[in-house]
Amino acid sequence: MPQFNNQTVIVTGGGGGIGGATCRRFAAAGAKVAVFDRDLGAAQKVADAIKASGGRAAAFQCDITDRAQVDAAVKAATEQLGPIDVLVNNAGWDVFKPFTKTTPDEWAKLIAINLTGALHMHHAVLPGMVARSKEDGWRGARIVNIASDAARVGSSGEAVYAACKGGLVAFSKTLAREHSRHGITVNVVCPGPTDTA
């Protein structure tokens, strides 16, 4: 039996390189994949490819910096695919400049996408996971946050991005403590340079 048979998985930034590959891998393992992306066309392309290969997927437009969009997309995914078993916070964005050359507007965008957006997703999905744990003792929920090697060692030209990803690591450790009693695991993956578009 596939490892994620009939489980519902949300992947943010699912229309992109790492996100698209993650969606396809979950689908191959039997999951019903909710492909979240602010670019609905990109999300739909990934979902269509999964369905063409015999998998189950649906595309949802979601700008993770907009809490109303997050709530609407999570609600739609739950209604269409079922309660959320796995959340992969993958969406991200960066600007490559020395810190002193960056601007406050760039900081705001970096923080909104790389940190606040992930907070929105956790806040929208976790209550349902906790409720299922309390109602029927379900102990299968998983959250995977995609950070960056920059969070561990720093990265020249990515100061604010690294700060956001470092914050995501600390946030994940805290949530893992808070929700271990609910059987919800929270982990972080820190990719290095990745060959994507």
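**Entry 1: the cores**

I started with the largest nonpolar core, which has 26 residues, and I noted I10, F36, M121 and M129 as the ones with the most contacts inside it. Next I checked where this core gets its residues: β2 (32-37), β3 (56-61), α3, β4 and α4 each supply at least two. The largest share, 6 residues, comes from α4. A reminder to myself that this is a predicted model. I also jotted down the general rule that nonpolar side chains tend to be buried together in soluble globular proteins.

What does M129 touch, leaving out residues up to four places away in sequence? I found I84, D85, V86, L87, W138, A141, R142, I143 and I184.

**Entry 2: ring pairs**

I searched the whole structure for aromatic pairs and got 3. One of them is F36 with F60, a tilted pair with 5.6 Å between the centres and 55 degrees between the planes. F36 sits in strand β2 and F60 in strand β3, so I wrote this down as a link between distant parts of the chain, 24 residues apart.

**Entry 3: a patch on the surface**

I met F99 and W107 again when I turned to the surface. Together with I111 they form a nonpolar patch there, with about 270 Å² of accessible area between the three. I looked up W107 and found it in helix α4.

**Entry 4: salt bridges**

How many salt bridges does a search of the whole structure find? It finds 5, and I followed up some of them.

I took K51 and D48 to begin with, whose side chains meet in a salt bridge at 4.0 Å, N to O. Both lie in helix α2 (residues 40-52), 3 residues apart, about one turn of the helix. K51 counts as partly exposed because its relative accessibility is 42%, and D48 counts as partly exposed because its value is 38%.

Then I went to helix α3 (residues 67-81), where D71 and R67 lie 4 residues apart, about one turn of the helix. They form a salt bridge, with 2.8 Å between the closest N and O atoms. D71 has a relative accessible area of 34%, so it is partly exposed; R67 is partly exposed as well, at 26%.

My last stop was D85 with R132, a salt bridge whose closest N and O atoms are 3.3 Å apart. This pair links distant parts of the chain: D85 is in strand β4 (residues 84-89), R132 is in helix α4 (residues 104-136), and 47 residues separate them. I checked the cover on both, and D85 and R132 are buried. I also put a mark back in Entry 1, where D85 is one of the residues that M129 touches.

Definitions and conventions:
Residues are numbered from 1 along each chain as its sequence is written. This is a predicted model: local features need pLDDT of at least 70, side-chain atom pairs count only at pLDDT 80 or more; totals for chains, interfaces and linings use all residues. Side-chain values use heavy atoms; hydrogens and water are left out. Buried means under 20% relative accessible area, exposed over 50%, partly exposed in between (1.4 Å probe, protein chains only). Patches are made of residues with over 30% relative accessible area and no salt bridge: like charges are joined within 9 Å, nonpolar side chains (Val, Leu, Ile, Met, Phe, Trp, Tyr) within 5 Å. Accessible areas come from the Shrake-Rupley method with a 1.4 Å probe; for residues, only the protein chains shown count as cover. A nonpolar core is a set of buried Ala, Val, Leu, Ile, Met, Phe, Trp, Tyr and Cys residues joined through side-chain atoms within 4.5 Å. Contact means heavy atoms within 4.5 Å. Rings of Phe, Tyr and Trp (its six-membered ring) pair if their centres lie within 6.5 Å; planes under 30 degrees apart count as stacked, over 60 as edge-to-face and the rest as tilted.
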